[in-house]
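Please open the model in your viewer and keep the selection tool at hand.

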Amino acid sequence: MTTAVAETGMIGALATKFRICPATGLRVDLAAERLIKANAVAAVVFLAIGGGFGLLVALTRWPAVHLLSSDLFYLALTAHGLDVLLMWIIFFEMAVLYFASAVILSSRIAAPRWGWVGFVLMIVGALMTNVAVLQGDSSVMFTSYVPMQARPHFYLGLILFAVGALIGCFIFLGTLVIAKEEKTYEGSIPLVTFGALTACIIAVFTIASGAIILIPTFLWSVGYIGHIDSLMYKLVWWAMGHSSQQINVSAHVAIWYLIAAVTVGAKPLSEKVSRTAFLLYILFLQLAAAHHMLVEPGLSSEWKIVNTSYMMYLAVLGSMIHGMTVPGSIEAAQRKSGFTRGVFEWLRKAPWGNPAFAGMFLSLVMFGFLGGISGVVLGTEQLNIMMHNTLYVPGHFHATVVAGTTLAFMAVTYLVVPLIFQREIVWPKLAKIQPYLFGIGASGISLFMMGAGTLGVARRHWDITFPALDVTLPYGYSPAASLMMGLNGLSAILAATGGVLYVAIVVASILFGKKVDASNAVAALGPMPKKVVHDAVAKYGDAGTWHLPGTYVLVGLFFTTFILYYFVNWKYLSELWPMQ
Amino acid sequence: MAIHPPQSRVWWKEPIAKAELVWIGVAFLWGLIMFFMMIYWHIYGQQNLSTQVGRIDPAVFEQRTNDFAEKFKVREEGDTGIPVVKPPAGGDAYMLARTYEWWPVLELEKGKSYKLHISSLDLQHGFSLQPINMNIQVHPGLEHVVTITPTEAGIYGVVCNEYCGLGHHVMTGRIYVVDSGQGG
């Protein structure tokens, strides 16, 4: 490393201060560390706010509770979408980008001052949009479909937020260049950084799409542009809105690999395969705007089929590959550590008491089984007729973004607090159950909303018991729909309990946790499997690595579920009124 | 580990294990099956969304819907004043969306096909036919013509499922399906 510092030249070398991480031996740039802390804290604050709005939404949609008035309900729903889907996730992703570049590569971070400019822009933008929503006349939902109009500062806040995030992306890319130039690592970047790079590239595409649509919409809201085409708006808006979910996928898959590496010493089964799977994301995930336009007038079926399938499901292929290689790498590592009995000893004896591992594995399973399968079904051109804009849609994306991404981010926090904030996790017993509470709650939300959606219940709807309202032409959903909404409310309470616990544990640990130093650095990462041998797997492609019966069983179960559920839906579709 | 650079510098030349290759092959084939399933359904399936769409001035669409309602009105819906309109079997039917109503109420015959014209006069709305759960997005300025064939008699609700403002949840409509030769 001394040579690396010498090569930086005087300015880089003098300006950068490092510490050595006692747990991993990585060299941590203190400027990067401060940026990671700031973004992670902002993320958790917005999770708390947005999650609170989410609970209010769920309690209103529970017919027996029906908490908020209709005006407040639409306000809360708009705020919920913005604060969790944008603010929480993108602030956290900024922290992940800085961590995956500067920390993992032991490099100094590029242009940390610009990092602060970006951070301030994001904060200002997030507050501005929140103010617009709370003022009450911008309840236009997260998607703000034209010609419905919000106040100008609603759009302006989003634009500032996006510019800030874009700066963060370029700092990440700059840091990769610096690390390469200063030779802080040898060979190719680690897989986790590669996954983060995937996320970053998709983020640049996403933010560009956002700029293309939000800037004209802002100008329209202040009166400089007369008309925005509603179909064009939707197409470009979703090039941002859906692609930004692919940033999440790339980021949380990278985090799965990261947590598997730190907690059980897992190593990718094949670098080539895992990286190719990420590459498939970059190449094909951006086509997903079509998922929101399958029952739209004005688009050809050919366009819909090619785009909705990510060009013949090549991006889905990427996820299915990760779905095997992540559990496979864990099984391989556990078997090398001596857990070789039967098909599932490796899984039974995995560190389930470590919240980082438990959260990661739950995220993996729920993202695949609930989010992945429902996403493909929802994104099938004709099947979408039965699901578009019903509660099936939020059911699906709560499985991907809440049970998948958010749970993965929570899980990695249990490593970030000791590694970056250098504090032990307080209340380890509560931390142990937190991922289960949140995970079970989130999967309940997903399942019950999908159930209600299958029964036809509309999303973004204040009251499904029309007879109670002054409605001219009332319609009654089946009683099962009300049951689903009640179970959804209960699940939301469970998830909210897990969420409150998470925020409390993180805040208390940062403020009052015992300081981490060389003496407790490894212990602070939580319980690990007892027989861990570091760098457990000798070599990928190694014959010994590839005895993974447990993973084959899991993948087989997943695939069978997938096929059955897929064709059951075609059966349902065939019972609809014929239409053409 | 995944947080370290690849163990072998030339990682792209490492062999891929057979089980992994098999899974990639299976997943790829499954993707192809799902892709061609959509095309198959366009050829052999009964439920495909029409792509018959034209640009239309909302005022023109409103006028056509008014003319249609006047011509084929059979009664009024209770004391709401909303006309119930029964188009000839196999003919054109119109339903417009505006904040916050679907207008007019339609009466269709079971087993007959109708060309349903839908469009919005103001914002985007969602045509959600319940309980059969058929959902179509509606844009202002785009007239969508969907041929539908009701298969069962009954009273069907039309719920708006695209958020369209603070009165979104009161935006409902209705379609009656009667056995052929009845109703009116």
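Select A:Ala126 first: leaving out residues up to four places away in sequence, A:Ala126 touches A:Phe46, A:Met87 and A:Phe161, where contact means heavy atoms within 4.5 Å. This is a predicted model, in which local features need pLDDT of at least 70 and side-chain atom pairs count only at pLDDT 80 or more, while totals for chains, interfaces and linings use all residues. Residues are numbered from 1 along each chain as its sequence is written, chains are lettered from A and ligands numbered from 1 in the order in which they are written, and side-chain values use heavy atoms, with hydrogens and water left out.

A:Ala126 counts as buried because its relative accessibility is 0%. Buried means under 20% relative accessible area, exposed over 50%, and partly exposed in between (1.4 Å probe, protein chains only).

**Helix 4 of chain A**

Helices (H or I, at least four residues) and strands (E, at least two) are DSSP runs, numbered from the N terminus. Helix 4 covers residues 112–134, and its 23 residues should span 33 Å at 1.5 Å a residue; the end C-alpha atoms are 33 Å apart, which agrees. The expected span is 1.5 Å times one less than the number of residues.

Which elements do the buried residues of helix 4 of chain A pack against? They pack against helix 2 (30–61), helix 3 and helix 5 of chain A. Among these buried residues are A:Gly115, A:Gly118, A:Phe119 and A:Met122. After the helix comes A:Gly136, whose phi is positive, near 100°.

**Aromatic pairs**

Over all chains, a search of the whole structure finds 41 aromatic pairs. Rings of Phe, Tyr and Trp (its six-membered ring) pair if their centres lie within 6.5 Å; planes under 30 degrees apart count as stacked, over 60 as edge-to-face and the rest as tilted. Select A:Phe91 and A:Phe161: their ring centres are 5.6 Å apart and their planes are at 80°, so the pair is edge-to-face. A:Phe91 lies in helix 3 (residues 70–103) of chain A and A:Phe161 in helix 5 (residues 152–181) of chain A, so the pair ties together parts that are 70 residues apart in sequence. A:Phe91 counts as buried at 0% relative accessibility, and A:Phe161 counts as buried at 3%.

Next, select A:Phe357 and A:Phe361, whose ring centres are 5.8 Å apart with planes at 25°, so this pair is stacked. Both belong to helix 13 (residues 355–378) of chain A, where being four residues apart separates them by about one helical turn.

**A charge over two rings**

Select A:Arg275. Its charged end sits over the ring of A:Phe194, 5.1 Å from the ring centre. A:Arg275 also lies over the face of B:Trp11, at 4.8 Å from the ring centre. A charge sits over a ring if NZ of Lys or CZ of Arg is within 6 Å of the ring centre and within 35 degrees of the ring normal.

Finally, select A:Asn248, found in helix 8 (residues 243–264) of chain A. Is A:Asn248 buried or exposed? At 2% relative accessibility, A:Asn248 counts as buried. Leaving aside neighbours within four places in sequence, A:Asn248 is in contact with A:Ile89, A:Glu93, A:Val401 and A:Thr405.
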